[in-house]
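The paragraphs below go through a strand-helix-strand unit, a helix pair and an aromatic pair.

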Amino acid sequence: MSDITNSELDRRTLLRRAAAVGLVATPAVGMLSACVGGGEDDTTDQATGTKSADNPLGIDPKAPLEIVIFDGGLGTKYATDVDTPLYNKKWPESKVAYSATQEISTTVQPRLNAGDAPDMINNSGAKMMDFGAIVAAGQAQDLTELYAAASFDIPGKTVAETLVPGTAEWGSYNGKPYALNYSYTVFGMWYNAALFEKNGWTPPATWAEFITLCDKIQAAGIVPFGYAGANAAYYMVRALLTSAGKIGTEQVLKDIDNLKPGAWTAPAVLEAAKAWGEVGKKYLDKSFLGLKHTEVQLQQNQDKVAFYPCGSWLENEQAKDTPPTFKYAVAPYPSVTASDKLPAAAMNAAAGEIYFASSKGKNPRGGMEYLRVMLSKEAATEFTKLTKSLTVVLGAADGVELSPGLTSANEALNKAGKDVFMGYLFDTWYKKLGDESLSAVNDLMFKGGDPQKFCDRMEAASQALAKDSSVQKQTRS
């Protein structure tokens, strides 16, 4: 088994990344976001039981449990075929009600506001909820007890001791863990290695090589680079900001997260916006603006699109539409300038995919127990088999045969070595600012937008947010 699943990689890259993302809140504010209801004074009858060695979280073994899973790149079989059966095997008298949706905010937000929340929620996708506002409104369960509890299936270990360092911190707000970021994701430019081998194309390391290759691909009648503007603009935001981070180091992205004045108009961000804006003008099919992610991804499976910016969930998401001749592989985003401070091999990879227990649900302890099940080695191993994605559970993928895409991601991480960086958090912390970035990047890429206007627009939105006392702020160092 290669290094991505052993403790050496965990020590070498994830510990460093965890230290980088310690979160400290600014002083409390007087008004919470209006989009999330509920507060500390709300009360509801909640299921509880007696704590014991066999029941470390003190759940009610007979209490029903409701979970809602995002139906996206990871699918839902891990929940229906693995996690829920494991939960029911442990607690056979508890009935688990399950539902899946691609529109989490539409489905779950009204229930949070009404005080009728599901017990465990997978908050993800283009319509994910503003999790910072959920935490500020007291709607998310503090997971401190979960991490301190005994592991579900590893004797003598707490849950925290079975996870890659920094797992709790990645989901912390105000110094307390509220979100479980479960899936370990590698981001980059995904392509069909078989197509590239057939045409003698080599993934580029420099921007000049990238442009030259795009010309060759375009001449072959293939769209060189594409993403879906309708619901996957965040893929492009990550591509642009990854380039900015490679130009100026991850500090550029930390400044953006911290709402630092001038962060969005910094030279590294402007340089990245200029480079990607030119790609949008020359090589992007403008019809993709109105398409959804799976529609563009299908075109890639048909070898109509060469490079697609995404995370390592892509291979699993497209499994049913991927022909057997298609071989997923990932390349780092190429160096934009000759003076980039991070090397061409540098990669953006981090734990993501938010799961949380609702503090105002009927069974928050059951929600935490479901997360404890997910963090078992058995569940995490099956998750990797089903989704072709890694988890934050140490060693859970040892011995698992990796798919072509995951093998490529592993190789890319090994080449990156110490130059694997976490990326940014502003879109999770501040949904409104995240939404603005989606619109702004679509204007830049599809509508011939001006790079300086892109930076100025995002800077204005960032500083308006910084001055908004109704929004609780987060910082990272």
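A crossover counts as right-handed if, with the strands pointing away from the viewer, the path from the first strand over the helix to the second runs clockwise. Strand β2 (residues 65–70), helix α2 (residues 77–90) and strand β3 (residues 96–101) make such a right-handed β-α-β unit. Helices (H or I, at least four residues) and strands (E, at least two) are DSSP runs, numbered from the N terminus. The model is predicted: local features need pLDDT of at least 70, side-chain atom pairs count only at pLDDT 80 or more, and totals for chains, interfaces and linings use all residues. Residues are numbered from 1 along each chain as its sequence is written, and side-chain values use heavy atoms, without hydrogens and water.

β2 and β3 run parallel and are joined by 6 bridges; strands pair if DSSP finds at least two bridges between them. Glu66 stands opposite Ala97 in β3.

Rings of Phe, Tyr and Trp (its six-membered ring) pair if their centres lie within 6.5 Å; planes under 30 degrees apart count as stacked, over 60 as edge-to-face and the rest as tilted. The rings of Tyr78 and Tyr355 have centres 6.5 Å apart and planes at 85 degrees, so this pair is edge-to-face. The structure holds 28 aromatic pairs.
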